[in-house]
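Here are a few exercises to work through with the model open in your viewer. Try each task before you read its solution.

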Protein chains: 2
Amino acid sequence: MIYEIAEIDVLEGHAEAFEAAVAEASAQFKAARGCHSMRLERSIEHPLRYRLVVGWATVEDHTVHFRESEGFRIWRALAGPHFASPPRVEHVTVVLSAFEQ
Amino acid sequence: MIYEIAEIDVLEGHAEAFEAAVAEASAQFKAARGCHSMRLERSIEHPLRYRLVVGWATVEDHTVHFRESEGFRIWRALAGPHFASPPRVEHVTVVLSAFEQ
């Protein structure tokens, strides 16, 4: 399992609409091959900056299978109009889960 | 509950020692006021880049109470020698937990 982290800056005044678009698009992720989880984080210091965090079985499930799918097209049609710039995308693995209490 | 995200670039050849230092320092976080969770993520595209993700009750539990504590001094003494540059720190809230399957 890996995580896609997409840092997304949205246009001024678009935060609410962007959050609604992500909620609407979540069904596309949920149905995608290898997709395990999805959450949206919002920066406290920079309120127009979000991080979309999506769990995938493999990097390719995101970069190949999802990006070539109709689900991706729907996601971008919903959320893209709110982007201030192209998302910055990176993939990570969890190397240490120290504790949760 | 908020999350601290610290992006940390480590020095070439220091990845293993850095991960061990984070594991050792985790006890300092676990004992800190308001600290709920801690994990370490490693970038797949940039293997010298890590994200330390720490759950806190409030931003101030991190930026005031922890940073002024002995635990912070110990954390920095353990992990600091492996940093290639100062960590980039941001705080986020989770605005949407769409699904987990």
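This is a predicted model: local features need pLDDT of at least 70, side-chain atom pairs count only at pLDDT 80 or more; totals for chains, interfaces and linings use all residues.

**Exercise 1. Helix 1 of chain B and its packing**

Which elements do the buried residues of helix 1 of chain B pack against?

Solution. 
- Step 1: start with the length. Helix 1 of chain B covers residues 15-30, which is 16 residues. From first C-alpha to last it reaches 22 Å, close to the 22 Å expected at 1.5 Å a residue.
- Step 2: look for a bend. There is one of about 35°, located at E24(B).
- Step 3: pick out the buried residues. They are F18(B), V22(B), A25(B), S26(B), Q28(B) and F29(B).
- Step 4: see what they pack against. Within chain B, the partners are strand 2 (35-43), strand 3 (49-56) and helix 3 (70-79). Strand 4 (88-100) of chain A is a partner too, so the packing involves both chains.

**Exercise 2. The helix pair in each chain**

Solution. 
- Step 1: in chain B the angle is about 170°, and the axes are 9 Å apart. Angles over 145 degrees count as roughly antiparallel, so helix 1 of chain B is roughly antiparallel to helix 3 of chain B.
- Step 2: list the contact. Helix 1 of chain B puts in F18(B), A21(B), V22(B), E24(B), A25(B) and Q28(B). From helix 3 of chain B come G71(B), I74(B), W75(B), L78(B) and A79(B).
- Step 3: turn to chain A. The axes of helix 1 and helix 3 (residues 70-79) of chain A come within 9 Å and cross at roughly 170°, which makes helix 1 of chain A roughly antiparallel to helix 3 of chain A.
- Step 4: name the residues that meet. F18(A), A21(A), V22(A), E24(A), A25(A) and Q28(A) sit on the helix 1 side, and G71(A), I74(A), W75(A), L78(A) and A79(A) on the helix 3 side.

**Exercise 3. How the chains are related**

What rotation superposes chain A on chain B? Once you have it, work out what chain A brings to the contact.

Solution. 
- Step 1: the rotation is 180°, with 0.0 Å of shift along its axis and an RMSD of 0.0 Å. That's the relation of a two-fold axis.
- Step 2: see what lies by the axis. In chain A, the nearest C-alpha is that of I5(A), 6.1 Å away from the axis.
- Step 3: compare the surfaces. Both copies use the same one, as 100% of the contact residues of chain A recur in chain B.
- Step 4: count. Chain A gives 30 residues and chain B gives 30 residues. On the chain A side, helix 1 (15-30), strand 2 (35-43) and strand 4 each supply at least two residues. Strand 4 of chain A has the largest share, with 11 residues.

**Exercise 4. Sequence versus space**

Is E16(B) buried or exposed?

Solution. 
- Step 1: E16(B), in helix 1 of chain B, is exposed because 10 other C-beta atoms lie within 10 Å. E16(B) and H82(B) are 66 residues apart in sequence but 9.8 Å apart in space.
- Step 2: G13(A), in the loop between strand 1 (2-9) and helix 1 of chain A, is exposed, with 9 other C-beta atoms within 10 Å. G13(A) and S69(A) are 56 residues apart along the chain, and 30 Å separates their C-alpha atoms.

Definitions and conventions:
Residues are numbered from 1 along each chain as its sequence is written. Chains are lettered from A and ligands numbered from 1 in the order in which they are written. Copies are superposed by least squares on the C-alpha atoms of residues with pLDDT of at least 70 in both. Two residues are in contact if their C-beta atoms, placed from the backbone, lie within 7 Å. Helices (H or I, at least four residues) and strands (E, at least two) are DSSP runs, numbered from the N terminus. The expected span of a helix is 1.5 Å times one less than its number of residues. The bend at a residue is the angle between axes fitted to the seven residues ending there and the seven starting there. A residue is buried if 20 or more other C-beta atoms lie within 10 Å of its own, exposed if 12 or fewer, and partly exposed in between; C-beta atoms are placed from the backbone. Axes are lines fitted to C-alpha atoms, for helices over the stretch in contact, and angles run from 0 to 180 degrees between N-to-C directions. Angles under 35 degrees count as roughly parallel, over 145 as roughly antiparallel, 65 to 115 as roughly perpendicular and the rest as oblique.
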